[in-house]
Each structure stands twice: as C-alpha cells, then as structure tokens.
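Work through the exercises below with the model open. Try each task before reading its solution.

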Amino acid sequence: MRCLLVLLMVAGCSAQQPAARVESPCRERAFEGSAFVVCDPGAGRMMLFAAGKNEKPFRRFAELPVDPDRVAFAMNAGMFDEEGRPIGLAVTHKGPVRPLNLRDGPGNFHLKPNGVFIVPFGGGGMIVPSDSIPVFRAAPQLQTQSGPMLVIDGKLHPKIAPDGDSRYVRNAVGVRDGKALFVISLDVVSLGKLARFFRDELKTPDALYLDGSVSSLWDPANGRMDDFTELGPMIVAFKAGASAPGRGGPATP
C-alpha cells in the first residue's frame, strides 16, 4: 500500500511539471546605445512569400499559409508597392514572381548599389549587388531584392551618412560565412548605425537593408507577432526539425 501511495505521488508531481519552454532563435543585443534583435535561422529552411501580378498578396504574418508550431521566426523581407507586391526581384519556391529591378529612382531601394539576398539550393545565404548576381547550376531556394546594401565586402555603403537625421525602427539581413542573420531594431535608428551594427558587432562582410517604419517580426517563442501595418514580401524561417523534407503540411513546398 505504501509503495502504491509513493507511485501515485510521483505520478502526480510529474503531471504538474510545466512543459519545456521553446527556445527562441532571436536574441537582444546592445550597440551604441540602441537595442537590436538578432534572429538566427540556423539549419531551418527559409521560404519567401511574395505575390506575383495575378496573386493576392499576404499582408500580415497571421495570413501566411504555414503551421505556427513549425515557425522559428518571420520578418518582412523587401520593399513593396501599395498593393503589397515586391518592387524588386522576388523568387519563391513557386518560381519567379518579379524580375530584377535595376532602374534609377528615389528612396532607399534605389540607393545604388542595392542588392539581393539569396538562399542557394543547398541552404545558407548570400548577398550580392543587384547587378552582379551569379549564375547558379541549381535554382536558389529564394531571392529577394532590396536596398540599399549596408555593408559591401566589409565596407560601409559609401552614400550612407554615419548617423543621419532619418530615424526609424529598421530591419535588415547580413551574411557571415554563408550563414544569414536577420536583425530588427528595438529603437529608432539611422541607416548608418544599423550598417555599423552589422559590420562592427555581427562582423558580416555583406548586409542588405530590408525596410524601415513597417519593420516587423514574428517570434513565436517570445509571443511576439507584430501586426501594426500591412506588409509585402515576408521570409519565414522554420524550425530545423519541422522543416525537414517529407514532414508534410503547408510549410513544405
């Protein structure tokens, strides 16, 4: 009888133990008096969601056709028009959505050199100037064009002021040793400070600005899903185990 009572007590304690907390791939880092969140996709698959001419754009994270339990994080990923369609090159798992845009014009996107974030066929990441996209033997998993480049071969973009008057919450992506790091500021910052954060703090030789003022993050593990404005292209990074081929579900093309 005593043994039975002990077993019941142990079972009761086990049942009351809280579930293990899912660790977020996003971490806060401080730099020059400002706070940033750095998200590392690790070995998880990344997918770009961007609408073509005859497709209805997804405008918010909650609209994406993905299983939330499989999402590591998501972030807006490139500039867009009033309808939410990309204004630069966009290639998703379905194929090309919009061609390369090398036109001149106003605004950050056209501050040359701008660039393209690419996830090659085998994974990882790379950032190249828009006029220098290499030829691939196998089609990349995704490509998204934005601008300006913040860091180019270890050097800051020559046309970006060190600490200009324009201040926004901003987001960008950098690549180091073939691995992508996504960043969103928690404070309003200048383009110059964001660029230095990538070069000096994250040590990424190449970095690409994604957007400002609309910059948004979905970080499920920390209960964050920004929903204050409509978005355009979005990149979703899936959990490494959940994104393995053959797992099924809407997240796997």
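**Exercise 1. The hairpin of β7 and β8**

Find the residue with a positive phi in the hairpin of β7 and β8, then work out how the strands pair.

*Solution.* This is a predicted model.
- Start between the strands: the hairpin has six residues there. G123 takes a positive phi near 100°.
- Next, place the strands. β7 covers residues 115-119, and β8 covers residues 126-129.
- Read the direction: the two run antiparallel, joined by four bridges.
- Pick out one pair. V116 in β7 has V128 in β8 as its bridge partner.

**Exercise 2. The nonpolar cores**

Which residues have the most contacts inside the largest nonpolar core?

*Solution.* 
- The largest core holds 28 residues. M46, F117 and F182 have the most contacts inside it.
- Take M46 and set aside neighbours within four places in sequence. Its contacts then include F117 and V119, along with G124. F182 is also in contact with M46, as are A180 and I235.
- Now look for another core. A second, separate one has 20 residues, among them F31, L194, F197 and Y209.
- In soluble globular proteins, nonpolar side chains tend to be buried together.

**Exercise 3. The whole chain**

How many helices and strands does the chain have, and what share of its residues is buried?

*Solution.* 
- Count the elements: two helices and 17 strands.
- Of the 253 residues, 48% are buried, with under 20% relative accessible area as the cut-off.
- Check the contacts with a separation of 6 or more: 71% join residues 24 or more positions apart.
- Finish with the surface. The accessible area is about 12700 Å², and carbon and sulfur atoms account for 55% of it.

Definitions and conventions: Residues are numbered from 1 along each chain as its sequence is written. This is a predicted model: local features need pLDDT of at least 70, side-chain atom pairs count only at pLDDT 80 or more; totals for chains, interfaces and linings use all residues. Side-chain values use heavy atoms; hydrogens and water are left out. Buried means under 20% relative accessible area, exposed over 50%, partly exposed in between (1.4 Å probe, protein chains only). Contact means heavy atoms within 4.5 Å. Accessible areas come from the Shrake-Rupley method with a 1.4 Å probe; for residues, only the protein chains shown count as cover. Two strands pair if DSSP finds at least two bridges between them. A nonpolar core is a set of buried Ala, Val, Leu, Ile, Met, Phe, Trp, Tyr and Cys residues joined through side-chain atoms within 4.5 Å.
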